[in-house]
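Visitor: I am new to this structure and would like to know how its terms are applied. Please take me through them one at a time.

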Amino acid sequence: MGENLGQHFLKDEAALAAIVAAGKLSPTDTVLEVGPGEGALTTPLLETGAKVVAVEKDPALVEKLQETFAEEIESGELKVIQADIRDLDPEELFANQPYKVIANIPYYLTGQLIEETLASPHQPEKVVLLVQKEVAERIIAAGGKESILSLSVKVFGTPRIVQVVPRDCFDPPPKVDSAILEISAISRDFFTNISEEDFFSLIKRGFGQKRKTLANNLDTDPRFEKDQTKKALEKCGLKANIRAERLTTDDWKRLKQELSTSHV
C-alpha cells in the first residue's frame, strides 16, 4: 500500500526515534508531516506532545489514519488533511504560526518539496526529512561538488545528515538506502542585500550545460559584454575556467554583485 505514490513505509523503531529526536520537539511545537502513510512516524511525533498536521494524498491511507488516531483527531492533537502537499500553502495551514516539517516523504517529491518549503514566504523553523541517501549526500555536497539543489538549500539553512537508514528498514524495501536529513537555522538572511529571483536565475544559467565552464555558460547571455564574466570571476578570486559546481554560496553572491550592472 502506498508504493504507487512512491511511499516506502519506515518500520524501524530506532530510525523513527532518530527522526523525532532530530526535530527537538516540545509540546508547544506544531509539526507538518507529509505523507504519513499508516502513521508509523505520526505516533512518536504525537508522543512528544507536539500538535501534528498530517497531509496524505492517498484516500485509503487517510481513512486508515482517521480510524487509528480517532482520539487524537477528536482532541485536536492531530489534524489529517487529504491533499497533495504541493497544492497547499503553509501560510494558510499555520496562519503565520511557527512550524517544523518532519516526514518520511515520497522520493519523487524530494527536490521540489525541499526547495518550495525553504523558499516559502512562511518558512519552517526546522526541516527533518527521510530521503534517499544519494540525495542527502548531494545536498550537503559530500564530494565537494555543489548543485542547484544543494545551493538552494544552503542559502536558506544548514543541512546535515543525521544518520543513514538501510533499505531493509522499510516496507516495501526501496532499491536504495536512505538518510535522515536535517536542515536547521532556516532564514532569509542571505538575501538581505540581494534579489532571490536574480540570484537563482544566475545559478540556473551557470549550471546550464554541465560540460561547459561557468564563464561559457554565463556568456551566452546577450546582455553581457565580451569577457565580462571572466573579469568578474577574476575580481572574485576565481579561475576563469572554473565550473559552476565548485562555487560556494558566498562565491555566487560575490559574482552576482560583480555582474549586477548587467542586471543578471
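Guide: The structure holds twelve salt bridges. This is a predicted model, in which local features need pLDDT of at least 70, side-chain atom pairs count only at pLDDT 80 or more, and totals for chains, interfaces and linings use all residues. Residues are numbered from 1 along each chain as its sequence is written, and side-chain values use heavy atoms, with hydrogens and water left out.

Visitor: Why is the contact between Lys 11 and Glu 38 called a salt bridge?

Guide: A salt bridge is a side-chain nitrogen of Lys or Arg within 4 Å of a carboxyl oxygen of Asp or Glu. For Lys 11 and Glu 38 the N to O distance is 3.2 Å, so the pair meets the definition. In general, side chains of opposite charge can pair when their charged atoms come close.

Visitor: What does the pair of Lys 11 and Glu 38 tie together?

Guide: Lys 11 lies in the loop between strand 1 and helix 1 (13-23), and Glu 38 in the loop between strand 2 and helix 2 (42-47), so the pair ties together parts that are 27 residues apart in sequence. Helices (H or I, at least four residues) and strands (E, at least two) are DSSP runs, numbered from the N terminus.

Visitor: What makes Lys 11 and Glu 38 partly exposed?

Guide: Buried means under 20% relative accessible area, exposed over 50%, and partly exposed in between, with a 1.4 Å probe and protein chains only. Lys 11 has 41% and Glu 38 has 25%, so each counts as partly exposed.

Visitor: How do you know that Asp 251 and Arg 254 form a salt bridge, and which of these labels does each get?

Guide: Their N to O distance is 2.5 Å, so the pair falls within the 4 Å limit. Asp 251 has a relative accessibility of 10% and therefore counts as buried, whereas Arg 254, at 37%, is partly exposed. The two are three residues apart in helix 12 (residues 249-258), which means about one helical turn separates them. Elsewhere, salt bridges that share partners join Lys 11, Glu 38 and Lys 64 into one network.

Visitor: What makes a space a cavity rather than a pocket?

Guide: On a 1 Å grid over the protein atoms alone, a cavity is a set of points where a 1.4 Å probe fits but cannot get out; a pocket is an open set with protein on both sides within 12 Å along at least five of seven lines, and lining residues have an atom within 4 Å of a point. Grid points are joined across faces, edges and corners, and a volume is the space filled by probe spheres set on the points. The count is two cavities of 30 Å³ or more. The largest cavity has about 130 Å³, and the largest pocket about 250 Å³.

Visitor: How do the residues lining the largest pocket divide by class?

Guide: The lining has four nonpolar, five polar and eight charged residues. Ala, Val, Leu, Ile, Met, Phe, Trp, Tyr, Cys and Pro count as nonpolar, Asp, Glu, Lys and Arg as charged, and the others, Gly among them, as polar. The lining of the second largest pocket has eight nonpolar, two polar and two charged residues.
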